[in-house]
Amino acid sequence: MEMLLFSAWDLMAFLALLSSTVAGEELFDVTVWPEWPLVEAGQALWINCSTNCTHPEKGGIETRNINKTMWKEGTHWKAFYLSNISQDSHIICYFTCSGTQKKKSANVTVYRPPEQVILNLQPAWAIVGKNFTLTCHVPNVGPLEYLTLTLLQGTETLHRQTFTTVSKVLQDAWLTFNVIARKEDDKSNFSCYAELDLRPYSEQFFNASSARKMLEIFEPSWNNQMLIIIIITTLLLLVFVISVCLCFAYGQHWRHQRTGGYGVLAAWRIHRNRCV
């Protein structure tokens, strides 16, 4: 009886062990490292695919538009080298265990730091009360959703803009802002500051600033000196016009006087000769 009971317990333990092993194989996991792959445009990236399956039958990685090479592998992992990555991509790690295949995907994010920040100021001088325009341009940067552009007047923030555009390719970032000129803005320095914050996925943070541009402000004023200059200029112009008119009138009168005198004298002589 004891022998039978012992055998029953052994059988139950064996079945439990067997079922746990099968369940473990069926419930295996696949992981990707890094979980949030991030790479600078044109650079390479290491991807590690692993599983907790005891004896995986097959494993690998699926990619599109990326050159991949398997570097090293172990019983439960495979390391791949992805090169010349130029745009955001999707990768899939997979393993087959006990005839069941499982996959784990990850999105590769390509970034490019703001290497060049260009600020344009139009016009370079402005009249009080009139608009002037600040344009900030950052070429070939991304991802835009992690980029912030800030317009500065001196050290004070004039305007700040974030981007909601989500794109898989790098592109130019633009910021245009109109400002009304004030007298106190004269000789102010303006600049544009760019920040690419990738800290949601990594510890990387990039920033760059444009060259400073100075604005000159002019305020129209009608002071006595300006009034005197205008009056003198007007009088000189008036004297010039009157002189030209007098010269023209005198010339016409002198010409008429000459031709008119000779004509009367000639007619008188002809009449006298006829009478004689």
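Author: Both cysteine 49 and cysteine 93 are buried, where buried stands for under 20% relative accessible area, exposed for over 50% and partly exposed for values in between, with a 1.4 Å probe and protein chains only. The model is a predicted one, in which local features need pLDDT of at least 70 and side-chain atom pairs count only at pLDDT 80 or more, while totals for chains, interfaces and linings use all residues. Residues are numbered from 1 along each chain as its sequence is written, and side-chain values use heavy atoms, with hydrogens and water left out.

Cysteine 49 and cysteine 93 form a disulfide with sulfur atoms 1.7 Å apart, a disulfide being a pair of cysteine sulfur atoms within 2.5 Å. Cysteine 49 lies in strand β3 and cysteine 93 in strand β7 (residues 89–97), so the pair ties together parts that are 44 residues apart in sequence; strands are DSSP runs of E with at least two residues, numbered from the N terminus. The torsion about this S-S bond is about -45 degrees, so the disulfide of cysteine 49 and cysteine 93 is left-handed.

Cysteine 53 and cysteine 97 form another disulfide, their sulfur atoms 1.9 Å apart, and here the torsion is about 70 degrees, so the link is right-handed. Cysteine 53 is buried, with a relative accessible area of 1%, and cysteine 97 is buried, with a value of 1%.

Cysteine 136 and cysteine 192 also form a disulfide, with sulfur atoms 2.0 Å apart. A search of the whole structure finds three disulfides.

Notes. Helix = DSSP H or I, 4+ residues; strand = E, 2+ residues; numbered from the N terminus.
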